[in-house]
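Please look over the sequence and the 3D structure shown here. This report then walks through the fold, from the whole chain down to single residues.

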Amino acid sequence: MRLKAFLRPLVYLGVAGLAACGSAPKAVDMPSAAATTGADPLRIGLALGGGAAKGFAHIGVIKMLEANGLTPAVVAGTSAGSVVGALYASGMDAFALQEKAVGLDETSIRDLQFSSGGLVKGQKLEDYVNEQVQRRPLEKLSKPFVAVATRLEDGERTVFARGNTGQAVRASSSVPGVFQPVSIGKHHFVDGGIVSPVPVDAARQLGADLVIAVDISNKPRGQSPADMLGTLGQSIAIMGQKLGQAELARADIIIRPKVLDIGPADFTQRASAIVEGEKAALAVMPQIRARIAQLLAERAQALQLAQHKAAQDRQQACLESRSRLQKLSGMVGLNEPCANP
């Protein structure tokens, strides 16, 4: 009798504890997976490829994305794509970009200087970009942005994410033989199109859930380019073709504006390039929406699985909390199951 009287209060405490275990699932501090998977919007990443004057097409693509409520959260750019990308990441919308493009004077970004390294020094391009972004470094821009360049000493891909924005864009845009290599620290850098014509991987590394790649690169069409700049551009395109194809395959969506007939230095075709960008983006809009729906469905499934796993873990913890004393007591209520997952 004395033992039974001693055990009774302990058993009641156990019953109370088990009741709490099964009735307050919302109080459990569940993981960030549910929050990030269910609540955070998809992060759209834009990978803007190189292509000299064809790069005005990027503005048309951005116009259509914004017009359809698809605002990129992160941007990566190579060569001409880094110029548009830097200005866009600075806070300009597509219409501001178009206004800049229409009013652009070529002499404001081109500084000829005869040198063994190239005909264009590139300082004017650097100064122009820095002026447009209010001299903010890369890490202070309104959107996460990176510029991709090629390290001349060993051919390594280099992704600039911090520091002088204009200088990073200049390095990314320094077409070998046209622009002089850019010296940064102990190394020299040239056009990123050699190693990453369309920087899909860089956009993914910025945290993009969905990467939209814009490919405006030259494609060999059995014709010889008409001038030196065209020859250099096509040579770079050929060198980066294999690497570029592999990287492009990792994009969710690929947009290819029809700008192959626009010469690399033909700034007179900027309006046409913008229109072609708009057309190409509009054509793939159903594909973009389908991919977004697929990713959201995958997120919902992942959230459901995470919630089920959490419920199973709670049930297991509840079961394990039953002491040997409670199991042996045989008192009413102690054999009730914990909450099912």
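This is a predicted model. The mean pLDDT of the protein chain is 82, and 75% of its residues reach 70 or more. Confidence is not even along the chain. Over residues 1-38, pLDDT stays under 50. The model has 28 contacts beyond four places in sequence for that stretch. Where pLDDT is low, the predicted coordinates should not be read in detail.

**The whole chain**

The protein chain has 341 residues, and 44% of them count as buried. Its secondary structure comes to 13 helices and 10 strands.

**Helix pairs**

| Helix pair | Axis distance | Angle |
|---|---|---|
| H4 (residues 80-89) and H7 (residues 165-172) | within 8 Å | roughly 160° |
| H3 (residues 57-67) and H4 | 10 Å | about 40° |
| H5 (residues 94-103) and H11 (residues 270-283) | 10 Å | about 155° |

Start with H4 and H7. Their axes come within 8 Å and cross at roughly 160°. That angle makes H4 roughly antiparallel to H7. On the H4 side, the contact is made by Ser 82, Val 83 and Ala 86. On the H7 side, Thr 165, Val 169 and Ser 172 make the contact. The crossing of H4 and H7 is right-handed.

Helix H4 also packs against H3. Here the angle is about 40°, with the axes 10 Å apart. H3 is therefore oblique to H4. H3 brings His 58, Ile 59, Ile 62 and Glu 66 to the contact. H4 brings Gly 81, Val 84 and Tyr 88.

Now take H5 and H11. They pack at about 155°, and their axes are 10 Å apart. This makes H5 roughly antiparallel to H11. Gln 98, Ala 101 and Val 102 of H5 meet Arg 270, Ile 274 and Glu 278 of H11.

**One side of H10**

Which residues of helix H10 (residues 241-248) are buried? They are Gly 244, Glu 247 and Leu 248. These residues cover an arc of only 95° around the axis, so they lie on the same side of H10. An α-helix has 3.6 residues a turn, so residues three or four places apart point the same way. The buried residues of H10 pack against helix H8 (200-205), strand S9 (210-214) and strand S10 (253-255).

Thr 78 sits in strand S2 (residues 74-78). Is Thr 78 buried or exposed? Its relative accessibility is 0%, so Thr 78 counts as buried. Beyond four places in sequence, Thr 78 is in contact with Leu 48, Gly 49, Gly 50, Val 148, Ser 172, Asp 191, Gly 192, Gly 193, Ser 196, Pro 197 and Pro 199.

Ala 80 is in helix H4. Its relative accessible area is 13%, so Ala 80 is buried. Leaving aside neighbours within four places in sequence, Ala 80 is in contact with Gly 49, Gly 50, Gly 51, Ala 52, Gly 55 and Ser 173. Ala 80 and Ser 174 are 94 residues apart along the chain, yet their C-alpha atoms are separated by 9.8 Å.

**Loop residues**

Glu 153 lies in the loop between S4 and strand S5 (157-160). With 43% relative accessibility, Glu 153 counts as partly exposed. What does Glu 153 touch, not counting residues up to four places away in sequence? The residues are Lys 186, His 187 and His 188. From C-alpha to C-alpha, Glu 153 and His 187 are 6.9 Å apart in space, and 34 residues apart in sequence.

The loop between helix H6 (123-132) and strand S4 (145-151) holds Gln 134. Arg 135 is found in the loop between H6 and S4 too. Most residues other than glycine have a negative phi, and most peptide bonds are trans. Phi of Gln 134, however, is positive, near 55°. Arg 135 is not a glycine either, and has a positive phi of about 60°. Are these residues buried or exposed? Gln 134 has 53% relative accessibility, so it counts as exposed. Arg 135 has 60% relative accessibility and also counts as exposed.

Terms used:
Residues are numbered from 1 along each chain as its sequence is written. This is a predicted model: local features need pLDDT of at least 70, side-chain atom pairs count only at pLDDT 80 or more; totals for chains, interfaces and linings use all residues. Side-chain values use heavy atoms; hydrogens and water are left out. pLDDT is the predictor's confidence in each residue, from 0 to 100. Contact means heavy atoms within 4.5 Å. Buried means under 20% relative accessible area, exposed over 50%, partly exposed in between (1.4 Å probe, protein chains only). Helices (H or I, at least four residues) and strands (E, at least two) are DSSP runs, numbered from the N terminus. The arc is that of the directions from the helix axis to the C-beta atoms. Axes are lines fitted to C-alpha atoms, for helices over the stretch in contact, and angles run from 0 to 180 degrees between N-to-C directions. Angles under 35 degrees count as roughly parallel, over 145 as roughly antiparallel, 65 to 115 as roughly perpendicular and the rest as oblique. A crossing is left-handed if the near helix is turned anticlockwise from the far one by less than a right angle, and right-handed if clockwise.
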